[in-house]
Structure formats: structure tokens, C-alpha cells
Amino acid sequence: MLEWLVDGVGEAGAAAIGGALIGLLFGAAAERSRFCLRAAAVDFFHLRFTDRIAVWLLAFSAALIATRLAFGWELISPARIRQLSAPMSVSGAVFGGLLFGAGMVLARGCSSRLLVLSATGNLRALLAGLVFAVTAQASLRGALSPLRDWMAGLWTIGDPKTLDALAVFGLGETAGLVIGLIWFAAGIGYALRSGLRLSEWLGAIGVGLAVAAGWTFTSGLAELAFDPTPVHSLSFTGPSANTLMYVLNRPTLPDFDTALVPGVFAGAFLAAWLGGTLRLEGFEGGRSMRRYLAGAVMMGFGGMLAGGCAVGAGVSGAAVFATVAWITLVAMWVGAGLTDRLLTRPEGVAAPSGADSVVKSTGIA
């Protein structure tokens, strides 16, 4: 099937079609399930074991299980995965993860959640997402790239045995599948306890399957491509920056990344339209706007420094058990928890005069 597609539309065309279709699946599934690391982390640190934690656990574990099965069936080649074969930055994972985690609390959504909400009519998320993409591009090739390079170079690792988290702990390939099944069991427990709806069950699992599909598709494409082709899965830091530059400059043919972002947008829009949840929402004051933009900047720089966002490192990278991705994921949870703690008013303390109502129900979950 994939060989037929490459013969018909070429390598770039096949990559773009695959990115768009997988993006459609992710966007629709994320919109229906309300998948969001920020929401799960905040509830966890407040000891509220809710449906939002259940959704994240189901998505995360589905990605682990499906990806490990693809490894076992030799559909994915570990040697082609950069996170498992090239030097990676531990300092970038720690500092970038902390910044990203703090930023997603300020912006009330991680980068993928902002993209999904933008498609449903949330103008706050749309503006924050654009600022996120601009900052990511500035961190990749612009004014912020020297700072990113310096911070990333503070501590790097390159030994394949340290890049693979399973190898670090002396675990075999089967252990990865077992870990995924344990997480999935926990997700089922939380889902049953919180009364998760069927659409949310299916959406959460769909998010995880989209991540595994990304790994499988790009790995298969790399096997057929004449030119070196990166093997990766869903992420929204580099792809958002690349999509922005493609729209502004159109320097190259579309590829997996530049088709992924509009694919996610389209999938989320269709899901919201069919589900009757499309609605326009805007800012309710300058205070909230400053908070969103500050969070978007922190996520853009932090995600590029860490080598991935809440999906790129937190799910895609973790699914292949890349050591640095797991460090990034932990740092994101810590950054989110600490920031939420700083922003949460103690009981009995009144809100400052003029405080915006964004802290109430804003539609960003």
C-alpha cells in the first residue's frame, strides 16, 4: 500500500498525505476526548483523580502499547530513530520541560490543545498558538537559537545504552509492553471511576493510536525513500514552526510535518462541527491576554529546547522509551504543578480587582 502511494505521488507527496491523514485522526480524537496534559497535571497535583487524568492515561498507554507492538512486528526500526541513536540534551530536557510545563499552565493548554481549540473557534487559543509557532521558529533558527544551543549543550548524552530508557534499567523489549499495559489498566480504573463517556474512551485511545501510526508510517516511508528520511511521530513544536514558514515563504514541497498541523486543525474542526461544539470565544481582558502570550512564548522556547512538546516528547518520545523524552515528560509535570501552585489562591483569599474570568470556565481544559 505504502509503496503504491510513493510510486503514485512521490516521496514528498506520500509523506504529506500520511501526515494529513494521521493529523485528521489525532485532531478528531483529541477534540472528542479533550486530551490535554495541562488539565491532567493540574488535577493530579490537586489530588483530583478525574476524567481528564483518565483520558491522558488511556492515550499515553495506548501509544506505548501500539508502538511496542509495532516494534515487535518489526514495523519500526530503532536504528532510524534519532532519539535512540543521536546525541540528545539532558539539560535541554530538564530546563525546556520545566518551561513548557509552566507555559502550558499560563496559556491554559499545551500546544496541541491550543491547535485543537483554535479549530473549534477559540480565538485565545489561536493567538497563543501563533505566538507559540513564532517563538519556536525564533528558537530554532532565529534570535533565540544561540541561547537554546547554549542551554542544550550544558549536558548531553550519546551512548545508545543511555539513550534507551529500557536499556538504562536493564529491561528487555517485553518490559515496554508490560509497562504500557500497567498504565492502560490504571487508565481504565480512572475512567470507570470518573464515568468517562464512550466518545472520550474512543478519542483517548485514538490519540495514542495516532502516535503509533506516525512512527509506523514514517518508518515505512524511510525504508522506501531514496533520500534519507527522518523517522518520527507527532509533535507540535518543530512542525508548527515549519508550517508557519511554509505558509509565509513556501520554501519546499509539503512534507509530513507541514501537512500534520492543518490535518489536526481539520480533524478537530470536523469533530466539533459534528458534535455541535463549535463556538467563538475571545479574551475577556488584558490580564488574561498577557498570561496567554507569556505562556505561549515559554512553550515555544521550552518545547524547542526540550526537543518536543507535550505530545512530541511526552507521548511520542516516551512511546519509544527515549530516555530524554521521559526526563522531559517528568519535567513538564513538575513545571505545571509548581506553576499552578504559585497561581492558585489559598482558600479565603479574594481575587484581585479586575482579575479576568479566564480562571473560570473558558473552554480550555
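This is a predicted model: local features need pLDDT of at least 70, side-chain atom pairs count only at pLDDT 80 or more; totals for chains, interfaces and linings use all residues.
Residues are numbered from 1 along each chain as its sequence is written, and side-chain values use heavy atoms, with hydrogens and water left out.

Biologist: What pLDDT does the protein chain average?

Modeller: The pLDDT is the predictor's confidence in each residue, on a scale from 0 to 100. In the protein chain, 93% of the residues score at least 70. The average pLDDT of the chain is 91.

Biologist: Is Ser233 buried or exposed?

Modeller: Ser233 is placed in the loop between helix H12 (198-224) and helix H13 (238-249); helices (H or I, at least four residues) and strands (E, at least two) are DSSP runs, numbered from the N terminus. Relative accessible area, found with a 1.4 Å probe on protein chains only, is called buried under 20%, exposed over 50% and partly exposed in between. Because its relative accessibility is 4%, Ser233 counts as buried.

Biologist: Which residue has the backbone oxygen that the side chain of Ser233 reaches?

Modeller: Leaving aside neighbours within four places in sequence, Ser233 is in contact with Ala210, Val211, Gly214, Trp215, Phe256 and Ser316. From the side chain of Ser233 to the backbone oxygen in question is 2.6 Å. That oxygen belongs to Val211.

Biologist: Is Thr323 buried or exposed?

Modeller: Thr323 lies in helix H17. Beyond its neighbours within four places in sequence, Thr323 has contacts with Thr162, Leu163, Asp164, Ala165 and Val168. Since its relative accessibility is 14%, Thr323 counts as buried.

Biologist: Is Leu47 buried or exposed?

Modeller: Leu47 sits in the loop between helix H2 (37-45) and helix H3 (51-72). Its phi is near 60°, a positive value in a residue other than glycine. Most residues other than glycine have a negative phi. As its relative accessible area is 63%, Leu47 is exposed.

Biologist: How much space lies in the largest cavity?

Modeller: On a 1 Å grid over the protein atoms alone, a cavity is a set of points where a 1.4 Å probe fits but cannot get out, a pocket is an open set with protein on both sides within 12 Å along at least five of seven lines, and lining residues have an atom within 4 Å of a point. The count comes to one cavity of 30 Å³ or more. Helix H16 (312-319) and helix H17 (323-343) each supply at least two residues of the lining of the largest cavity. The space in the largest cavity is about 70 Å³.

Biologist: Which helix gives the largest share of the lining of the largest pocket?

Modeller: About 970 Å³ of space lies in the largest pocket. Its lining has 40 residues, of which Arg82, Gly238, Pro239, Asn242 and Asp257 lie nearest the centre. The largest share of that lining, five residues, comes from H13.

Methods
Contact means heavy atoms within 4.5 Å. A polar contact is a pair of N or O atoms within 3.5 Å; within protein, one must be able to donate a hydrogen and the other to accept it, and residues adjacent in sequence count only if both atoms are side-chain atoms. Grid points are joined across faces, edges and corners, and a volume is the space filled by probe spheres set on the points.
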